[in-house]
Amino acid sequence: MNATLPLTFLWPQFLWLLLLVPALVLLYVWLIRRKKKLAVRYASLSIVREALGARQSLRRHLPPVLFLLAITAMLLAAARPLAVITLPSNQQTIILAMDVSGSMRAEDVKPNRLVAAQDAAKAFIKDLPRNVRVGVVAFAGSANVAQLPTTSRDELVAAIDSFQLQRATATGNAIVVSLATLFPDAGIDIADFGPQSRQQGISLDRAGRKPAEPFKPVAPGSYSSAAIIMLTDGQRTTGVDPLDAAKAAADRGVRVYTVGVGTVDGETIGFEGWSMRVRLDEETLKAVANRTAAEYFYAGTAQDLHKVYETLSSRLTVEKKETEVSALFAIAAAALSLLAAGLSLLWFNRIL
């Protein structure tokens, strides 16, 4: 657990009580001087010098200083301080939406885009905490759940290794299917993203039954229990508009992290007598990430791809939260008070 300064306070008006600290310091200095005058009046100077030696002076002042620090900590605790603390994330589910379109056989990312993506995804899964569930969605001209969310790393690796390349790229469908996997009881379906549903602004039932109850959107990025990571090397050629799908994710508070692989400027790829021109649509991927309060990453090489997944692993397994830390100040105050009292008893046989 790491805390980040500066502190803020829920009850900042209590900070005025800190003015008592310099007043107590002045009172302590006055008492010390008063004792010195009495010592000079009733004892010989040699005894006073011996009593006021450096070691004795340190022992005499240390317990009061510690007690003063304890009072300061107690006053700060009374103001209810807040700090940004890095804690283990409560993110329990991550959906990997991976492009399996024909362009993923391109070899500009060695050994090719698909193998590099598979290797990086498997390394990412291996490094995640064991309690994090991971699901896999494969997409090309359509999107399908290759593996439902699970904590079994073997099942996930098997699902990733089973990818079969297909034609076309439906990035929007990948997001919709990922959402439907995260919220299986919400009735999310590809059919809900047609022109009719956009005009009505509601989720429609394909069987012609009564429309579902209106969904109340939440703030983008506010759903901290799950996230989607979408990796693609091309631009949408079919299916749901990815920005419409991103809006649906944003309305549910789900972040969609996007990873672009391959050639930004475009490249012609040939295979078994046919060729196709592919280009990475960074603009749309960035828009999807921004709309869902997430981030876009570009990976031009296999090494870059591994680094991207390492970054995502650290982002998704820890989170920063503004948390009240009054208890920490109270514990520090108690510890300092006990230390001050213990030293005073040990050295002077009295409590302060």
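## Helices H4 and H5

Gln118, Ala121, Lys122 and Ile125 in H4 meet Arg153, Leu156, Val157, Ile160 and Asp161 in H5; contact means heavy atoms within 4.5 Å. Helices (H or I, at least four residues) and strands (E, at least two) are DSSP runs, numbered from the N terminus. This is a predicted model, in which local features need pLDDT of at least 70 and side-chain atom pairs count only at pLDDT 80 or more, while totals for chains, interfaces and linings use all residues. Residues are numbered from 1 along each chain as its sequence is written, and side-chain values use heavy atoms, with hydrogens and water left out.

Helix H4 covers residues 113-127 and helix H5 covers residues 153-161; their axes come within 10 Å and cross at roughly 170°. H4 is therefore roughly antiparallel to H5 (under 35 degrees is roughly parallel, over 145 roughly antiparallel, 65 to 115 roughly perpendicular, the rest oblique). The contact of H4 with H5 is made up of five nonpolar, one polar and three charged residues.

## Helices H8 and H9

A second pair is formed by helix H8 (residues 242-251) and helix H9 (residues 282-291), which pack at an angle of about 15° with their axes 9 Å apart. H8 is therefore roughly parallel to H9. On the H8 side of the contact are Pro242, Leu243, Ala246, Lys247 and Ala250, and on the H9 side are Thr284, Ala287, Val288 and Arg291. Sorted by class, the contact of H8 with H9 holds six nonpolar, one polar and two charged residues.

## Burial of H8

H8 is mostly covered, with seven of its 10 residues buried (buried means under 20% relative accessible area, exposed over 50%, partly exposed in between). The buried residues are Pro242, Ala245, Ala246, Ala248, Ala249, Ala250 and Asp251. What do the buried residues of H8 pack against? They pack against helix H6 (171-182), strand S7 (255-261) and H9.

Ala248 is placed in H8. Leaving aside its neighbours within four places in sequence, Ala248 is in contact with Leu179 and Phe193. The C-alpha atoms of Ala248 and Arg291 are separated by 9.9 Å, although the two residues are 43 apart along the chain.

## Glu310 in H10

Glu310 belongs to helix H10 (residues 302-317). Glu310 counts as exposed because its relative accessible area is 52%. Along the chain, Glu310 and Asp127 are 183 residues apart, and their C-alpha atoms are separated by 8.4 Å.

Most residues other than glycine have a negative phi, and most peptide bonds are trans. Arg80, which is not a glycine, has a positive phi of about 55°. Arg80 is in the loop between helix H3 (54-78) and strand S2 (81-88), and is partly exposed at a relative accessible area of 26%. Ala293 also has a positive phi, near 60°. Ala293 is in the loop between H9 and strand S10 (296-299), and is partly exposed at a relative accessible area of 32%.

The peptide bond from Lys110 to Pro111 is cis, with omega near -5°. Pro111 is in the loop between strand S3 (93-99) and H4.

## Confidence

The mean pLDDT of the chain is 82, and 79% of its residues reach 70 or more; pLDDT is the predictor's confidence in each residue, from 0 to 100. Over residues 196-211 the pLDDT is below 50, and this stretch has 15 contacts in the model beyond near neighbours in sequence. Where pLDDT is low, the predicted coordinates should not be read in detail.

Terms used:
Axes are lines fitted to C-alpha atoms, for helices over the stretch in contact, and angles run from 0 to 180 degrees between N-to-C directions. Ala, Val, Leu, Ile, Met, Phe, Trp, Tyr, Cys and Pro count as nonpolar, Asp, Glu, Lys and Arg as charged, and the others, Gly among them, as polar. Buried means under 20% relative accessible area, exposed over 50%, partly exposed in between (1.4 Å probe, protein chains only).
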